[in-house]
Amino acid sequence: MIKIAICDDDVLICNQISNIIKTYSEKVEIDYKVYLSAQEFQNQIFSGVTYDLVFLDIELPEITGIEIGRKLRDNLYDEQTKIVFISHSDSYMKDLFRIRPLDFLKKPLRVSDIIFNIDKCMELNRLNDDMFSFEFRQVTHEIPLRHIVYFENRGRVIIIHSANEEFRFYMSMDDLMKRIDMDRFWRISKSFLINTLQIHKLTYREVEMKSGKILPISQTHRKTIRQKQFDIMKLGGIKNGII
């Protein structure tokens, strides 16, 4: 089951998304709630109510959707809720990147775009449950992929850096890259492979992870990483959970 919130002061938009969800829920269990008031929605999330996916209007009268998104990320430290911003104007694109939305949809909405984002949310939820397994000293270990901040290559040894622990095993970087989703993990240098879900801030020369670790982007990889960044901005959101 997934939980979805719709926050828009336009009743027609809310009804449109609701009807699409009702049709979709014939094959997947969905719990959804409509908020015509931005303040009510904000009060709910600050009281501890969580959602897997939020369709959030930007031009709300009480508080903008962008402000709510920032509070969700910066005040509640919530990186799990997927946000789909909706608006009549695409002039907000440059303001959305730091909120790391799943998508941006311009009104009038298309049924296919709503379904795409529900599908993507479910896919990301599934990915968050995936485990990475490795063998060290003849013992097999597992760690959730979402807990991995980055991989580091030192010679023949791969080091897994999570928020609180380090794990080591023998493998080449090339073999490691064959085992993981390279849309989700980016290679930023010869030595580092980062989890895009763990990115806090990305610049041309370095990346700051949510753990506080700052890693350099090598000169040979800067153009590729910048292109990935631009591709995401063109899409208006996340691809496979990236930032």
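## Surface patch

Val-11, Val-34 and Leu-36 make up a nonpolar patch on the surface, with about 220 Å² of accessible area together. A patch is made of residues with over 30% relative accessible area and no salt bridge, with nonpolar side chains (Val, Leu, Ile, Met, Phe, Trp, Tyr) joined within 5 Å and like charges within 9 Å. Accessible areas come from the Shrake-Rupley method with a 1.4 Å probe, and for residues only the protein chains shown count as cover.

Val-11 lies in helix H1. Its relative accessible area is 43%, so Val-11 is partly exposed; buried means under 20% relative accessible area, exposed over 50%, and partly exposed in between (1.4 Å probe, protein chains only). Helices (H or I, at least four residues) and strands (E, at least two) are DSSP runs, numbered from the N terminus.

## Basis of the model

This is a predicted model, in which local features need pLDDT of at least 70 and side-chain atom pairs count only at pLDDT 80 or more, while totals for chains, interfaces and linings use all residues. Residues are numbered from 1 along each chain as its sequence is written, and side-chain values use heavy atoms, with hydrogens and water left out.

## Nonpolar cores

The largest nonpolar core has 22 residues, of which Ile-4, Ile-17, Ile-30, Leu-53, Phe-55, Ile-114 and Ile-118 touch the most other members. A nonpolar core is a set of buried Ala, Val, Leu, Ile, Met, Phe, Trp, Tyr and Cys residues joined through side-chain atoms within 4.5 Å. Two or more residues each come from strand E1 (2–7), helix H1 (11–24), strand E3 (53–57), strand E4 (82–87) and helix H5 (111–128). H1 gives the most to this core, with six residues.

Leaving aside neighbours within four places in sequence, Ile-17 is in contact (heavy atoms within 4.5 Å) with Ile-6, Phe-55, Ile-86, Leu-109 and Ile-114. A second, separate core has 20 residues, including Ile-45, Ile-58, Ile-66 and Leu-96.

## Salt bridges

Eleven salt bridges are found in a search of the whole structure; the criterion is a side-chain nitrogen of Lys or Arg within 4 Å of a carboxyl oxygen of Asp or Glu. One of them joins the side chains of Asp-8 and Lys-107, at 3.1 Å from N to O. This pair links distant parts of the chain, 99 residues apart: Asp-8 is in the loop between E1 and H1, and Lys-107 is in the loop between strand E5 (103–106) and H5. Both Asp-8 and Lys-107 are buried.

Arg-110 and Asp-113 also form a salt bridge, 3.0 Å from N to O. Arg-110 counts as exposed because its relative accessibility is 53%. In the bridge between Arg-73 and Glu-79, the closest N and O atoms are 3.9 Å apart. Arg-73 has 4% relative accessibility and therefore counts as buried, whereas Glu-79, at 26%, is partly exposed. Salt bridges that share partners join Arg-73, Glu-79, Arg-100 and Lys-210 into one network.

## Hairpins

Strands E9 (residues 157–162) and E10 (residues 166–170) run antiparallel and are joined by five bridges; strands pair if DSSP finds at least two bridges between them. E9 and E10 form a hairpin with three residues between them. Ile-158 stands opposite Phe-169 in E10.

Strands E13 (residues 199–202) and E14 (residues 206–209) are antiparallel, with three bridges between them. They form a hairpin with three residues between the strands. Opposite Lys-201 stands Glu-208 in E14.
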